Amino acid sequence: MKKPRLAWAITGSGHYIEECLAFLLTLDDVDLYISQAGEEVLKMYGVDLSEIRAKMPVFRDKTASSPPVGHFYKGYYHTFVMAPATSNTIAKCVLGIADNLVTNLYSQAGKCKVPSIVYPCDIAPEMETTAPGGKVMVYPRKIDLEGTDKIRSFEYTTVVESVEQLISAVNTRLQSLP
């Protein structure tokens, strides 16, 4: 087997998506997973998947059983990154629901003791985020913030609250690998 890779998932959140993608595209040995909502959001932001495909493999959420998650059992991935992650995805992960590609990846990463780095879109009661037209203010609901707080306690999971923290956490993880 080749050296293990990083698995990165994008969900339907536009929360600093351009900055997340800019960092992602600087990395080597990455496989990108995109939820159906993630695909829609990337189109809204004018992201061309063919440019990303030129740099890394891209897996889309098109099957019911999410066959790529089996890579975790074979040691194919050393880290799973979910950035940015919607409150819907976080809620499913917190409840143990693995009914789509991204939630299944998170579930299987944890079952295989593969560290996950998660960048939720809802991290504070009042915050600035990105929308296709620019920056906007949002006010996450109590239940969304509770989901973010709960996922912080999950084993093998690091939650970050900014693109800077995401970059730092991913780089720290990559530097710790043999």
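At 30% relative accessibility, how does D29 count: buried, partly exposed or exposed? D29 counts as partly exposed because its relative accessibility is 30% (buried means under 20% relative accessible area, exposed over 50%, partly exposed in between, with a 1.4 Å probe and protein chains only).

This is a predicted model, in which local features need pLDDT of at least 70, side-chain atom pairs count only at pLDDT 80 or more, and totals for chains, interfaces and linings use all residues. Residues are numbered from 1 along each chain as its sequence is written, and side-chain values use heavy atoms, without hydrogens and water.

Backbone features

D29 and Y156 are residues other than glycine with positive phi values. Helices (H or I, at least four residues) and strands (E, at least two) are DSSP runs, numbered from the N terminus.

A cis peptide bond links A83 to P84, with omega near -10°; P84 belongs to strand β4 (residues 77-85).

The largest pocket

D29 also lines the largest pocket, together with K3, P4, L6, L27, D28, V30, H78, L174, L177 and P178. A pocket is an open set of points on a 1 Å grid over the protein atoms alone, where a 1.4 Å probe fits, with protein on both sides within 12 Å along at least five of seven lines; lining residues have an atom within 4 Å of a point. The volume of the largest pocket is about 250 Å³, taken as the space filled by probe spheres set on the points, which are joined across faces, edges and corners. Its lining comprises seven nonpolar, one polar and three charged residues (Ala, Val, Leu, Ile, Met, Phe, Trp, Tyr, Cys and Pro count as nonpolar, Asp, Glu, Lys and Arg as charged, and the others, Gly among them, as polar).
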